[in-house]
Amino acid sequence: MMRSRPGFAFLALLLVSVPVLAIAGSEFTGSTDGGAFYKIVVPDPWNGDLVIWNHGFSLAPPAPVDDLGPLAELQLIEGYAVAASSYQQAGWALFKTMNDLQNLVGVFKDKIGTPKRLFLTGGSLGGLVTVAAIEGANIGNVAGAFPFCGAVAGSRNWDAALDLRLVYDAVCAGVPGAAIPGGAEGLPPHASFTQTSLGLAVHACTGILAPPAFRTPGQNERLEKILGTLLIPENFLLTDMGYATFGMSDLVHDPRKLSGRIGTGNVGVDYGDTAINAAIGRVSPNPGAANRLGKNYTPTGNVGKTKIVSLHTDKDGLVLVENEREYAKVVPAGNLTTAIVVEGTPTHCGFTEAETVAGWESLRAWVGGAPQPTAAGIQATCLAMPATFSGPCRIDPGFVIPEMGGRIRPR
C-alpha cells in the first residue's frame with residue numbers, strides 16, 4: 001500500500017476546483033544586459049520559493065519568453081513563483097546559460113526579493129542547463145531539481161551527432177541527390193541548404209519519406225545499415241540528421257562557441273562494421289575546441305545538498321536514455337533518483353501529464369522532508385494522481401539503463 005504524503009488529498013481537491021485564472025499575482029517581462037529575455041510570474045500568496053524552467057534546444061534567435069514549462073500552472077497554484085529565461089545563444093547554449101540564470105535571479109531579487117529556495121527544472125537541453133547550474137551558477141539555495149529527458153551526459157552527446165553524419169556520408173556516398181554539404185563541421189558557413197533540402201537528400205539515400213513498400217532495395221539496405229550501426233529508431237533519423245547538420249554547424253562556426261574548430265572526433269572508433277570502418281571519414285578534434293566543449297558542459301556531480309529527480313523515456317532517439325546512466329555515475333546516489341518510462345513508440349520527452357506531475361510531487365515531498373523517492377514510489381504516486389492529470393503511468397522500477405558505450409561508441 002502506498003504511503004500517503006501530507007497534503008496530497010488537499011492538493012488533488014485544489015487542482016480540481018481552482019482555475020489558474022483565479023490566481024492573483026504579478027508578471028514581469030523584459031531582457032537582461034546579456035541579451036536574453038525573461039518572464040517571471042509571482043502568485044498571490046507567494047510561498048517564498050522560485051521555480052526556474054530551462055527550455056530545450058532551439059536554433060532560433062533569442063525572443064520574448066512565452067513558455068514557463070509544462071508544470072507552471074500547477075506550480076503557481078502551489079504558491080511558487082515561476083520564471084524562465086531565453087538563452088543568450090541559440091543551439092548548444094551552455095557557453096552562457098549559467099550567466100543567463102544568474103541574470104534572471106538578479107532580476108528576480110531586484111523586483112521581488114531573494115527567494116528562500118530555488119527549484120530548477122528543464123527538458124532536453126534544458127535538463128543539462130539545469131544540472132550545470134546546480135554545479136556552477138551560484139544562484140542561491142537550489143533545494144531541488146527536476147531534469148527530464150535531459151542531455152545530462154553533457155557534451156559527449158555531440159559524439160553521436162558526429163558519428164551519424166560521418167556514417168551517413170560513408171553509406172550514402174555516390175547516391176544521386178543524397179550529398180549534404182560539409183561533413184564533421186556540419187554545414188559550411190552560409191550554405192544555402194535548408195531543412196527541406198536535408199529531407200530530400202536523406203530520402204534520396206534511404207527512402208525515409210516513403211512507406212517501406214515504396215522504397216527501393218538499395219534505399220532499404222542503406223537505411224538498415226545506418227540505423228543498425230547507430231542503433232537509433234527510424235522515426236528519429238531526420239531529426240537526428242538535423243542536429244548533425246544544422247546544430248553541429250552552429251556549434252562549430254559560432255565565434256562565441258568553437259569559432260570554426262571541431263570539438264569532436266572519431267579516430268580509432270570501431271563502428272562494428274568492416275565496410276563502414278574502411279569507408280568512414282576520420283576526424284581529430286581540435287584540442288582547444290574539445291576542451292572548451294567539454295567544459296560547456298560535462299557534469300561533475302558536485303551537486304552539494306541539491307535533491308534531484310530525473311525522468312526519461314526508454315526509447316528516446318534524440319537524447320538517449322543512456323544519458324541517465326552517465327549522470328548517475330558522477331552524482332552521489334543520495335542526491336539522485338532516476339525513473340524510466342517504458343514506452344511503446346519511441347518519443348523524445350513523450351511523458352504523460354500524470355508521469356510528469358508525479359516526478360515533480362515526489363521531488364517536492366523529498367525536499368519537504370520525506371524519504372528519498374524511488375522509481376517504484378514515483379510510479380505509485382503517478383497511479384494515485386487524480387483524473388485531472390491524464391495517464392497512463394509507465395515507470396518501470398526494474399528498468400536497467402544500458403551503458404552509453406553501446407550506443408555512442410567509445411573514443
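Trainee: Which residues in α3 meet which in α4?
Mentor: Thr 97, Met 98 and Leu 101 are on the α3 side, and Val 129, Ala 132, Ala 133 and Gly 136 are on the α4 side. Contact means heavy atoms within 4.5 Å. Helices (H or I, at least four residues) and strands (E, at least two) are DSSP runs, numbered from the N terminus. This is a predicted model: local features need pLDDT of at least 70, side-chain atom pairs count only at pLDDT 80 or more, and totals for chains, interfaces and linings use all residues. Residues are numbered from 1 along each chain as its sequence is written, and side-chain values use heavy atoms, with hydrogens and water left out.

Trainee: How many α4 residues are buried?
Mentor: Eleven of its twelve. Buried means under 20% relative accessible area, exposed over 50%, with a 1.4 Å probe and protein chains only. Glu 135 is one of the buried residues.

Trainee: What do the buried residues of α4 pack against?
Mentor: Strands β3, β5, β6 and β7, plus helices α3 and α11.

Trainee: What comes after α4?
Mentor: Asn 138, with a positive phi near 50 degrees.

Trainee: Switching to α7. Which residues are buried there?
Mentor: Gln 219, Leu 223, Ile 226, Leu 227, Thr 229 and Leu 230. The buried residues of α7 pack against α5, α6, α8 and α9. Just after α7, Leu 231 has a positive phi of about 55 degrees.

Trainee: Last one, Ala 179. Where is it found?
Mentor: In the loop between α5 and α6.

Trainee: Is Ala 179 buried or exposed?
Mentor: Exposed, because its relative accessibility is 65%.

Trainee: What does Ala 179 touch?
Mentor: Phe 193 and Ala 201, not counting residues up to four places away in sequence.

Trainee: How far apart are Ala 179 and His 253 in space?
Mentor: 21 Å, C-alpha to C-alpha, and 74 residues apart in sequence.
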